[in-house]
Amino acid sequence: MATARTPGQGPLTGVRVVELAGIGPGPFAAMLLADLGADVVRVDRPGGPGLAIDPAYDVTNRNKRSVVVDLKAPDGPDQVLDLAARADVLVEGYRPGVAERLGVGPEPCHARNPALVYGRMTGWGQDGPLADRAGHDIAYLAPTGALGMIGRPDEPPPVPANLLGDYAGGSLYLVVGVLAALHHARATGTGQVVDAAIVDGVSHLATMIHGMLAAGGWQDRRGANLLDGGCPYYGTYETADGRYMAVGALEPRFYAEFLALLGIEDQAAARKDVTRWSELREQVAARFKTRTRDEWTAVFDGTDACVAPVLSLREAPHHPHLAARGTFTDHGGITQPAPAPRFSATPTTVRTGPARPGADTADVARDWDVPGLLPSSRTPQ
């Protein structure tokens with residue numbers, strides 16, 4: 001039997017993960033596990049996932065290895081089950097029932113490996129009236145109430161990219177669930193299924209808001225509250241050059257410093273007087289329009305006024321604070337966010353670029369002792 005070795009570094013070094021290839025939150029969750037040091041083997045399908053992005057730039061596949069398995073071929077399910085038998089975690093993002101139909105659902109996986117953590121990533125969840133329906137991030141956000149509380153009251157809710165649903169309410173909850181289940185499996189030898197649904201995660205993200213709503217401290221409409229743009233000292237303002245500054249001066253002393261640097265100290269009493277918020281917003285907006293974004297950035301630099309420039313994706317890596325912390329890194333010519341969070345004893349890094357479909361089959365077959373992955377070992381059909 002080959003000696004298993006797991007490449008990588010980080011707190012999850014030694015943990016083996018099988019990722020059944022998909023798009024969106026599943027691959028991102030697997031990337032996070034890989035960033036943390038897990039040996040993630042992505043099982044790609046023949047022909048790839050069908051995304052328009054060149055696999056060389058799909059950084060959500062960094063720190064992973066890839067094998068290609070045709071799950072519709074006679075020997076395909078057994079190849080995945082052989083991997084699952086040697087894994088700690090499996091991640092899949094199919095619609096409910098698809099993995100079962102393909103022969104790689106929880107039951108056959110747990111028959112081979114009772115301690116396996118089987119992570120399932122969907123939008124609607126594994127059950128409920130909509131479980132079998134198609135959808136994407138924005139459709140999952142809509143019924144949770146989260147989308148409806150974003151934006152101006154006189155405009156349609158804006159589209160928050162796919163960060164809030166796919167990745168915050170989806171991927172991160174899947175990773176939390178997988179790690180919790182892995183802890184349980186290590187203690188008891190018993191694996192389980194983790195049902196991570198975007199609708200559940202996004203709803204959970206709004207827990208504090210629901211508490212405020214119940215207490216009468218939040219109005220159930222857009223642009224009428226402290227944290228949703230209704231407050232003039234918590235929002236964004238256009239500058240003279242058509243760019244923007246973000247303001248979050250909520251506490252009294254931060255608010256006072258904000259007014260002083262903006263040059264409208266006479267608005268101190270407007271902080272708690274909602275009837276004056278419209279006037280305050282106009283004055284703040286007028287002041288910000290008098291200088292460029294970079295000029296205002298210099299004014300507020302080094303202060304506790306809680307004001308920051310709104311940067312673009314290409315500008316962000318050059319922000320002095322993010323640059324000093326190494327929040328972004330360059331690997332293989334691609335600027336990308338560095339692994340997060342950070343660990344004092346088990347630091348993480350971008351070890352490898354995006355895994356190319358099937359490029360690591362021989363190495364995985366050797367390291368995981370799964371010779372059935374190699375074409376020469378398969379029985380002719």
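Colleague: Which residue forms a salt bridge with D88, and how far apart are the closest N and O atoms?

Modeller: This is a predicted model, so read each value as computed from it. A salt bridge here is a side-chain nitrogen of Lys or Arg within 4 Å of a carboxyl oxygen of Asp or Glu. D88 has R186 as its partner, with the closest N and O atoms 3.5 Å apart. The pair links distant parts of the chain, as the residues are 98 apart. D88 sits in the loop between helix 2 (76-85) and strand 4 (89-92), and R186 belongs to helix 6 (residues 163-188).

Colleague: Are these two residues buried or exposed?

Modeller: Buried means under 20% relative accessible area, and exposed means over 50%. D88, at 19%, is therefore buried. R186 has 53% relative accessibility, so R186 counts as exposed.

Colleague: How many salt bridges does a search of the whole structure find?

Modeller: The search finds 19. Among them, E155 forms a salt bridge with R152, where the closest N and O atoms are 3.6 Å apart. E155 is partly exposed, with a relative accessible area of 40%. Another joins the side chains of D294 and R293, at 3.6 Å from N to O. In that pair D294 is partly exposed at 48%, whereas R293 is buried at 5%. Salt bridges can also share partners: D39, R65, D363, R366 and D367 are joined into one network in this way.

Colleague: Now the sheet. What is the order of its strands?

Modeller: Strands of a sheet pair through backbone hydrogen bonds, either parallel or antiparallel. In this model an open sheet of 6 strands has the order 3-2-1-4-5-6, and the pairing is parallel. Strand 3 (64-68) and strand 6 (192-197) are the edge strands, each pairing on one side only. From one strand to the next, the twist averages 20°.

Colleague: How many bridges join strand 2 to strand 3?

Modeller: There are 5 bridges between strand 2 (residues 39-44) and strand 3, and the two run parallel. To find the pairing in the structure, look for V40, which stands opposite K64 in strand 3.

Colleague: Which strands does helix 6 lie across?

Modeller: Helix 6 lies across strand 4, strand 5 (117-122) and strand 6. With strand 5, helix 6 makes an angle of about 165°. Angles run from 0 to 180 degrees between N-to-C directions, so the value also carries the sense in which each element runs. Helix 7 (residues 198-205) packs on the sheet as well, touching strand 5 and strand 6. The direction of helix 7 makes about 65° with that of strand 6.

Colleague: Which residues does K289 touch, leaving aside those up to four places away in sequence?

Modeller: K289 touches E238, T239 and A240. K289 itself lies in the loop between helix 10 (277-288) and helix 11 (293-300). The C-alpha atoms of K289 and D241 are separated by 8.1 Å, although these residues are 48 apart along the chain. K289 is partly exposed, with a relative accessible area of 44%.

Colleague: Last, the surface. Which residues form a nonpolar patch there?

Modeller: The patch is made of M208, L226, L227 and Y234, which together have about 330 Å² of accessible area. M208 is placed in helix 8 (residues 207-214). With a relative accessible area of 51%, M208 is exposed.

Technical notes:
Residues are numbered from 1 along each chain as its sequence is written. This is a predicted model: local features need pLDDT of at least 70, side-chain atom pairs count only at pLDDT 80 or more; totals for chains, interfaces and linings use all residues. Side-chain values use heavy atoms; hydrogens and water are left out. Patches are made of residues with over 30% relative accessible area and no salt bridge: like charges are joined within 9 Å, nonpolar side chains (Val, Leu, Ile, Met, Phe, Trp, Tyr) within 5 Å. Accessible areas come from the Shrake-Rupley method with a 1.4 Å probe; for residues, only the protein chains shown count as cover. Helices (H or I, at least four residues) and strands (E, at least two) are DSSP runs, numbered from the N terminus. Buried means under 20% relative accessible area, exposed over 50%, partly exposed in between (1.4 Å probe, protein chains only). Two strands pair if DSSP finds at least two bridges between them. Contact means heavy atoms within 4.5 Å.
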